[in-house]
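Okay, thanks for coming, everyone. Let me put the sequence and the model up, and then we'll walk through where the two chains meet.

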There are 2 protein chains.
Amino acid sequence: MRDVYHEELDSLADKLVEMTRLVRSAMSRAVTALLDSDLRLAEEVITADERINKIDADIEETVFDLMARQQPVAGDLRTLVTTLRMSSDLERMGDLAAHIAKTARRRHPESAVPPELQSTVLEMGQVAERMIAKAGSVIASRDVEMGLELDADDDAMDRLHRRLFDLLLSPKWKHGVEPAVDITLAGRYFERFADHAVHVAENVVYLVTGQRPQEIIDAG
Amino acid sequence: MRDVYHEELDSLADKLVEMTRLVRSAMSRAVTALLDSDLRLAEEVITADERINKIDADIEETVFDLMARQQPVAGDLRTLVTTLRMSSDLERMGDLAAHIAKTARRRHPESAVPPELQSTVLEMGQVAERMIAKAGSVIASRDVEMGLELDADDDAMDRLHRRLFDLLLSPKWKHGVEPAVDITLAGRYFERFADHAVHVAENVVYLVTGQRPQEIIDAG
């Protein structure tokens, strides 16, 4: 049987996985709210962000409590510090999903996404959801292979982001400045969301292997 | 005389202060590069960001090394974890200054900032510089009063950010979509820079007082 201390370490991992589930749900609903101009859904995402922030605060409290009471050894200390970092990344990803929902709310009842951009934004949402789902699996299973996949997903997000700008800056753009500002910000939120997902996976890969993903990829 | 361990803790604070100096210089030059469309200056800022990233990596290595060798007690552990967080914030602020420099570079030899926005962008740069300077002083002196001032500076940045959007979305805007996209992103970089400066100060205030700035302000 594991002792209370190690049970607490395990429960921290469970809380991180729970955060990834909430962030995934937030992102999925935020993108729907954005594309369908669904005000109620947008409000739900904005309100639900508090729950993600609450888990982040709980994790921080537990980590500092464990540090104070248990004098953890070096390996466990690294795990605890990494847990704090992943929790911060996930909390931030929740904020970014809420920012996307706020864009939808600000523009309601109009849609913030002109028709010719809808498919690109939908794809960005799908990549974002895939990335947070994988980040959750990587935390739960410590699966290094899957952790390394996030880099390719991030490249896919970057390509979609560039396509968004190409459409925005094309001579065919007829929607003026205001939708361009919304789309520029939404694009930035998706891009940062992907960066944080990569960062979460990197932290797990580093905990398991002692190497950064790029070192593993470079080593072939 | 202090022992080697506490000398190492002190030297971490020195490294953080050095980062604030480099970030301040980066932000100052990035804003000049943006307003004057100065390509060489922009390139300098982008290159110099590596030095900031290097110090962040050094701090991380030292912290984990101290944790592994010294089995620090709870109070020192909190200081070490907070050091990692401040280092991450400062590293990110360096990235944001570099992003502003990249905006200048992308638009060179044109200016990314239309004439009627120059004074607002200049003010945003001044607030950003003031905030990182204060963050450096707060780290060096553990001055809680000054740490609490950062919230008011952040409000000033938010007001400037709203003014930027008002100008961008006014019927008088004659510059089309491309400069609007640049300004939208630059505005976001300034805003995030200010958020990270607040976060750095919050961490110091929390270390010194055990309270978050908002709790202190609420308590009058």
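So, which residue forms a salt bridge with B:Arg85? That's A:Glu60, with the closest N and O atoms 3.3 Å apart. By salt bridge I mean a side-chain nitrogen of Lys or Arg within 4 Å of a carboxyl oxygen of Asp or Glu. The rule finds two of them across the interface of chain A and chain B.

Quick housekeeping. This is a predicted model, with local features needing pLDDT of at least 70 and side-chain atom pairs counting only at pLDDT 80 or more, while totals for chains, interfaces and linings use all residues. Residues are numbered from 1 along each chain as its sequence is written, chains are lettered from A in the order in which they are written, and side-chain values use heavy atoms, with hydrogens and water left out.

Now the interface itself. Here 30 residues of chain A are in contact with 30 residues of chain B, contact being heavy atoms within 4.5 Å. The two chains bury about 2,700 Å² between them, 64% of it on carbon and sulfur atoms. That's the accessible area (1.4 Å probe) that the two parts lose on being put together, summed over both. On the chain A side, A:Phe64, A:Val177 and A:Arg188 supply 20% of the buried area, more than any other three residues.

Next, the cavities. On a 1 Å grid over the protein atoms alone, a cavity is a set of points where a 1.4 Å probe fits but cannot get out, and lining residues have an atom within 4 Å of a point. Grid points are joined across faces, edges and corners, and a volume is the space filled by probe spheres set on the points. We get two cavities of 30 Å³ or more.

The largest cavity has a volume of about 50 Å³.

Last stop, the second largest pocket, a pocket being an open set with protein on both sides within 12 Å along at least five of seven lines. About 480 Å³ of space lies in there. It has 20 lining residues, and the closest to its centre are A:Arg106, A:Leu185, A:Tyr189, B:His161 and B:Phe165.
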